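Reader: Could we go through how the helices and sheets are arranged in this one? Please start with a helix pair.

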Amino acid sequence: MNPDRNRRKDHSMSSFRHSRTLRRHARRIGAVLAAALSAVAFTACTPASRSADGGTLDIAASVSQWGTMAQALGGEHVVVTSAIANAAADPHDYEPTTADIAGISSADIAVVNGAGYDTWASTAAGTAGIDTIDVGALAGVEEGGNPHLWFSAQARTAAADAITDAYVAADPEHADDYRRLNARWQERERQLDADIAAIRESSASAPYAATESVAAYLFEDLGMEDVTPQGYLQAVSNESEPGPADLKAFSDLLAEGDARLLVVNSQHGDAAGGQLSDAARAADVPVLEVGEQLPDGCDDVVAWMGTLVDRIRELLG
């Protein structure tokens with residue numbers, strides 16, 4: 001067995017910070033949830049069939065990564081609201097408002113990330129009995145695993161099909177439209193897969209290192225090897241600061257040219273990440289900055305992934 005590959009899988013399954021954050025906000029979120037559900041309880045049994053009388057389906061998404069997908073797959077027949085749509089927002093620390101929870105609870109269909117990333121949304125939808133697309137459940141990733149599922153081609157494809165199936169069931173009158181929009185979406189995914197395959201062919205097993213596992217699924221799809229030092233990984237996965245020895249090992253790896261690319265989370269700047277970025281640039285190792293939220297200027301998650309793939313191709317030369 002390849003120990004580097006096993007380490008990469010372990011790294012990609014680390015949630016890093018979100019479990020502790022969820023516990024820290026559990027009580028406050030519970031209070032907000034109770035208040036919101038009491039306000040919208042009378043809508044909980046409304047059937048998901050608004051399009052039947054000429055209206056549109058009301059779709060609630062926890063984050064815009066899935067919300068933009070839901071809109072593209074529903075077209076003019078759906079109205080999608082994403083609770084978190086700010087490119088600078090950090091869902092790990094997000095505290096939902098009463099309006100956020102009410103929006104989920106009164107929707108016709110909810111789309112949530114799952115895997116412990118947006119527990120408040122999953123809980124609100126489940127308590128209200130809303131038809132829910134849970135991407136983590138579709139991908140077989142539970143809480144404690146890597147929740148950044150929009151970076152995974154498999155998860156995106158599964159989510160798109162599940163959303164379409166939910167639309168068809170809720171609004172059979174427009175089933176052909178939903179299937180046509182799904183085919184269009186999947187064609188875009190196939191084009192993206194072709195671009196990913198081209199990098200995989202030219203850079204199979206190319207080593208990269210990361211300050212966090214935010215884009216690990218994408219690099220698995222690219223076939224690249226995560227060579228981030230184990231001590232650093234262990235410290236970050238335990239939500240502690242990497243020690244001097246861990247940082248030195250990481251800096252040495254970069255200085256020796258043992259990674260062709262350094263991946264940093266652009267939304268979580270800290271001293272350690274800055275030090276490693278400086279070390280990478282000093283060693284002429286390209287640095288790729290990746291955030292967690294859909295960047296401004298990207299219409300949806302496939303467009304975002306395409307931009308990242310193009311940038312990775314450029315950095316790898």
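Author: The crossing of H3 and H7 is right-handed, a term that applies if the near helix is turned clockwise from the far one, whereas anticlockwise by less than a right angle is left-handed. The model is predicted: local features need pLDDT of at least 70, side-chain atom pairs count only at pLDDT 80 or more, and totals for chains, interfaces and linings use all residues. Residues are numbered from 1 along each chain as its sequence is written, and side-chain values use heavy atoms, with hydrogens and water left out.

Reader: Which residues of H3 and H7 make the contact?

Author: On H3 they are Trp-66, Met-69, Ala-70, Leu-73 and Gly-74, and on H7 they are Arg-156, Ala-159, Ala-160, Ile-163, Thr-164 and Tyr-167. Contact means heavy atoms within 4.5 Å. By class, the contact of H3 with H7 has 8 nonpolar, 2 polar and 1 charged residues. Here Ala, Val, Leu, Ile, Met, Phe, Trp, Tyr, Cys and Pro count as nonpolar, Asp, Glu, Lys and Arg as charged, and the others, Gly among them, as polar.

Reader: At what angle do H3 and H7 pack, and how far apart are their axes?

Author: Helix H3 (residues 64–74) and helix H7 (residues 153–170) pack at about 50°, with axes 10 Å apart. Axes are lines fitted to C-alpha atoms, for helices over the stretch in contact, and angles run from 0 to 180 degrees between N-to-C directions. H3 and H7 are therefore oblique to each other; angles under 35 degrees count as roughly parallel, over 145 as roughly antiparallel, 65 to 115 as roughly perpendicular and the rest as oblique.

Reader: Staying with H3, is Thr-68 buried or exposed?

Author: Thr-68, which is found in helix H3, is buried, with a relative accessible area of 18%. Buried means under 20% relative accessible area, exposed over 50%, and partly exposed in between (1.4 Å probe, protein chains only). Leaving aside neighbours within four places in sequence, Thr-68 is in contact with Leu-294, Asp-299, Asp-300 and Val-301.

Reader: Now the sheets. What is the order of the strands in the sheet that contains E1?

Author: That open sheet of 4 strands has the order E2-E1-E3-E4, with parallel pairing. Its edge strands are strand E2 (78–84) and strand E4 (131–134), each pairing on one side only. The twist averages 20° from one strand to the next. Helices (H or I, at least four residues) and strands (E, at least two) are DSSP runs, numbered from the N terminus, and two strands pair if DSSP finds at least two bridges between them.

Reader: How many bridges join E1 and E2?

Author: Strand E1 (residues 57–63) pairs with E2 in the parallel sense over 6 bridges. Val-63 has Ile-84 in E2 as its bridge partner. H3 packs on this sheet, touching E1, E2 and strand E3 (109–112), and the direction of H3 makes about 175° with that of E2.

Reader: And which strands does H5 lie across?

Author: H5 lies across E1, E2, E3 and E4, running at about 155° to E3. The axes of helix H5 (residues 119–128) and helix H4 (residues 98–105) come within 8 Å and cross at roughly 45°. That makes H4 oblique to H5.

Reader: Which strands stand at the edges of the other sheet?

Author: The other open sheet has 4 strands in the order E6-E5-E7-E8, with parallel pairing. Strand E6 (225–226) and strand E8 (287–290) each have a single partner strand, so one side of each is left without a neighbour in the sheet.
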